[in-house]
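Me: I have a fold to go through before a meeting. Could you take me through its sheet and helices?

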Amino acid sequence: MNHISSKIKVLIVEDNTDIIKYLRAILSEFDYELYYSVDGEKSVSLIQEIKPDIVLLDMMLPRTCGLDILKTPEIQSMIHDTAIIVMTASTDKVIKVESLKAGAVDYINKPMDKDEIIHKVANHA
């Protein structure tokens, strides 16, 4: 039996569990259905399975890069239905520009500001 949820699905792809806890604490105050993945390589199949409305995608993951995930054909085929917000501690503007060119709708700088997270997620919900 398929369960159809009207909640906005948000997937957090982040290898730092403290950041996941921080994001979950902030976003759980709202009516989002939250998922998370600490494994960048497995996140592509998870995105295909969950079909989230929003993905918060870390750019610096072990064994893979968020930009590489963003550029996969599987994610590119979903880019019009899934808002991808990249998260990065990098000050390199090239990473931000390349992620936006690849289809990300926004980015959040680390360290992250609670209000910025709330507003950016809400803007793309």
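**Sheet and helix packing**

Reply: Strands β6 and β7 run parallel and are joined by four bridges. Within that pairing, Met87 is found opposite Ile108 of β7. The chain gets from β6 to β7 by way of helix α5 (residues 93–101), in a β-α-β crossover that is right-handed. Please note that this is a predicted model.

Me: Understood. What does β6 pair with besides that, and over how many bridges does it join β3?

Reply: β3 and β6 run parallel and are joined by five bridges. In this pairing Val55 has Ile84 of β6 opposite it.

Me: Is β6 mostly covered or uncovered?

Reply: It is mostly covered, since six of the six residues of β6 are buried, where buried means under 20% relative accessible area. Ala83, Ile85 and Met87 point to one side of the strand, while Ile84, Val86 and Thr88 point the other way, and all of them are buried.

Me: Now the whole sheet. In what order do the strands come?

Reply: The order is β2-β1-β3-β6-β7, five strands in an open sheet with parallel pairing. β2 and β7 (106–109) are the edge strands, each pairing on one side only. From one strand to the next, the twist averages 20 degrees.

Me: And β1, which residues does it cover, and how does it pair with β2?

Reply: β1 comprises residues 8–13 and pairs in the parallel sense with β2 (residues 32–37) over six bridges. Val10 stands opposite Leu34 in β2, and Val13 has Ser37 as its bridge partner in that strand.

Me: Let us turn to the helices. Which strands does α2 lie across?

Reply: Helix α2 (residues 40–50) lies across β1, β2 and β3, and its direction is at about 170 degrees to β1.

Me: And which strands does α6 touch?

Reply: α6 packs on the sheet and touches β1, β2, β3, β6 (83–88) and β7, with its direction at about 170 degrees to that of β7.

Me: At what angle do α1 and α6 pack?

Reply: Helices α1 (residues 17–27) and α6 (residues 114–123) pack at about 65 degrees, and their axes are 10 Å apart. On the α1 side the contact is made by Tyr22, Leu23, Ile26 and Leu27, and on the α6 side by Lys114, Ile117, Ile118 and Val121. Sorted by class, these are seven nonpolar residues, one charged and no polar ones.

Me: What is the handedness of that crossing?

Reply: The crossing of α1 past α6 is right-handed.

Me: Why does Ile117 count as buried?

Reply: Ile117 counts as buried because its relative accessible area is 0%, and the cut-off is under 20%.

Me: What does Ile117 touch, leaving aside residues up to four places away in sequence?

Reply: Ile117 touches Tyr22, Leu23, Ile26, Leu27, Ile108 and Met112 on that basis. Of these, Tyr22, Leu23, Ile26 and Leu27 belong to the α1 side of the helix contact, and Ile108 is the residue of β7 opposite Met87.

Me: How far is Ile117 from Leu100?

Reply: Their C-alpha atoms are separated by 17 Å, and the two residues are 17 residues apart along the chain.

Methods: Residues are numbered from 1 along each chain as its sequence is written. This is a predicted model: local features need pLDDT of at least 70, side-chain atom pairs count only at pLDDT 80 or more; totals for chains, interfaces and linings use all residues. Side-chain values use heavy atoms; hydrogens and water are left out. Axes are lines fitted to C-alpha atoms, for helices over the stretch in contact, and angles run from 0 to 180 degrees between N-to-C directions. Helices (H or I, at least four residues) and strands (E, at least two) are DSSP runs, numbered from the N terminus. A crossing is left-handed if the near helix is turned anticlockwise from the far one by less than a right angle, and right-handed if clockwise. Contact means heavy atoms within 4.5 Å. Ala, Val, Leu, Ile, Met, Phe, Trp, Tyr, Cys and Pro count as nonpolar, Asp, Glu, Lys and Arg as charged, and the others, Gly among them, as polar. Two strands pair if DSSP finds at least two bridges between them. Buried means under 20% relative accessible area, exposed over 50%, partly exposed in between (1.4 Å probe, protein chains only). A crossover is right-handed if, with the strands pointing away from the viewer, the path from the first strand over the helix to the second runs clockwise.
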